[in-house]
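Subject: Structure for you, with notes

Hello,

Here is the structure I promised to pass on. Please have it open while you read; my notes follow below.

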Amino acid sequence: MKTSERLYHHARKDLGMAEVEGKGSHPRIRLAIETAARWLDGDDSKTAWCGCLMGLWCLELGLGVPTAYYRAVSWLDWGHEVDKAEAELGDVVVLKRPGGNHVALLDHVAGGRWHLLGGNQSNTTSIAPYAEDLVLGVRRAA
């Protein structure tokens with residue numbers, strides 16, 4: 001099995017994991033945030049945690065992480081670049097969005113929409129569609 005596929009299947013175990021309303025946090029999301037940087041607010045409703053969770057998945061599989069991996073855009077420095085037309089299941093996709101960026105794993109592409117498995121997508125870990133023009137880059141484990 002390719003490394004990207006292993007990463008994808010590992011990440012699927014967290015599908016449905018959601019933020020906890022109020023001051024509490026989901027224990028696994030809190031772990032992802034605290035592993036990324038102890039100074040980040042562990043409250044999952046206050047911290048953008050997509051990069052933190054991506055980092056946790058990669059660390060759990062021994063794949064390494066980019067510097068400051070809690071920042072989604074830092075994933076553009078991880079692994080090696082892949083042309084959008086060559087993107088495969090489990091490749092890391094970095095998106096632009098208002099107020100910051102987002103990072104998730106490729107599930108599939110259909111009808112010009114990139115369906116991505118990632119954390120902090122509507123406050124949960126889910127597979128969600130994104131417009132192709134939001135894709136800043138695609139990366140694959142080295």
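Which residues of helix 1 and helix 3 meet? From helix 1 they are Leu7, His10 and Ala11, and from helix 3 they are Trp57, Cys58 and Glu60. Before you go on, please note that this is a predicted model.

**Helix 1 against helix 3**

Helix 1 covers residues 3–12. Its axis and that of helix 3 come within 10 Å. They cross at roughly 115 degrees. The crossing is right-handed. Sorted by class, this contact holds four nonpolar residues, one polar and one charged.

**Helix 2 against helix 3**

Two packed helices are described by the angle between their axes and the distance between the axes. Helix 2 spans residues 27–36, and helix 3 spans residues 50–60. The angle here is about 85 degrees, and the axes are 8 Å apart. Helix 2 is therefore roughly perpendicular to helix 3.

The helix 2 side of the contact is made of Arg28, Leu31, Ala32, Ile33, Thr35 and Ala36. They meet Cys52, Leu53, Leu56, Trp57, Leu59 and Glu60 of helix 3. By class, the contact has nine nonpolar residues, one polar and two charged. Trp57 and Glu60 are named in this contact. Both are also named in the contact with helix 1.

**How enclosed is helix 3?**

How many of the eleven residues of helix 3 are buried? Nine are, so the helix is largely enclosed by the rest of the structure. The buried ones are Cys50, Gly51, Cys52, Leu53, Met54, Gly55, Leu56, Trp57 and Cys58. Their cover includes both helices described above, helix 1 and helix 2. It also includes strand 2 (92–97), strand 3 (100–110), strand 4 and strand 5. Just after helix 3 comes Gly62, with a positive phi of about 70 degrees.

**Cysteines**

A disulfide is a covalent bond between the sulfur atoms of two cysteines. How many disulfides are there? The count is zero. Take Cys50 to see why. The closest cysteine sulfur to that of Cys50 belongs to Cys52, and at 7.7 Å it is too far for a bond. The cut-off is 2.5 Å. Cys58 is in no disulfide either. Its nearest cysteine sulfur, again in Cys52, is 13 Å away. Cys50 is buried, at 4% relative accessible area. Cys58 is buried too, at 0%.

**The loop between helix 2 and helix 3**

Two residues here are worth a look. Trp49 is in this loop. It is buried, with a relative accessible area of 0%. Trp49 and Ser25 are 24 residues apart in sequence, and their C-alpha atoms are 11 Å apart in space.

Lys46 lies in this loop as well. Is Lys46 buried or exposed? Its relative accessibility is 62%, so Lys46 counts as exposed. Its C-alpha atom is separated by 9.4 Å from that of Lys23. Along the chain, Lys46 and Lys23 are 23 residues apart.

**The loop between helix 3 and strand 1**

Ser74 sits in the loop that runs between helix 3 and strand 1 (80–82). It counts as buried, at 9% relative accessibility. What does Ser74 touch, leaving aside its neighbours within four places in sequence? Its contacts are Pro66, Thr67, Ala68 and Tyr69.

Most residues other than glycine have a negative phi, and most peptide bonds are trans. Now look at Ser122 and Asn123. Ser122 is not a glycine, yet it has a positive phi of about 55 degrees. Asn123 is not a glycine either, and its phi is positive at about 65 degrees.

Where is Ser122? It is in the loop between strand 4 (113–121) and strand 5 (124–131). Asn123 is placed between strand 4 and strand 5 too. Ser122 is exposed, at 72% relative accessibility. Asn123 is partly exposed, with a relative accessible area of 42%.

Over to you.

Best wishes

Conventions: Residues are numbered from 1 along each chain as its sequence is written. This is a predicted model: local features need pLDDT of at least 70, side-chain atom pairs count only at pLDDT 80 or more; totals for chains, interfaces and linings use all residues. Side-chain values use heavy atoms; hydrogens and water are left out. Buried means under 20% relative accessible area, exposed over 50%, partly exposed in between (1.4 Å probe, protein chains only). Axes are lines fitted to C-alpha atoms, for helices over the stretch in contact, and angles run from 0 to 180 degrees between N-to-C directions. Helices (H or I, at least four residues) and strands (E, at least two) are DSSP runs, numbered from the N terminus. Angles under 35 degrees count as roughly parallel, over 145 as roughly antiparallel, 65 to 115 as roughly perpendicular and the rest as oblique. Contact means heavy atoms within 4.5 Å. Ala, Val, Leu, Ile, Met, Phe, Trp, Tyr, Cys and Pro count as nonpolar, Asp, Glu, Lys and Arg as charged, and the others, Gly among them, as polar. A crossing is left-handed if the near helix is turned anticlockwise from the far one by less than a right angle, and right-handed if clockwise.
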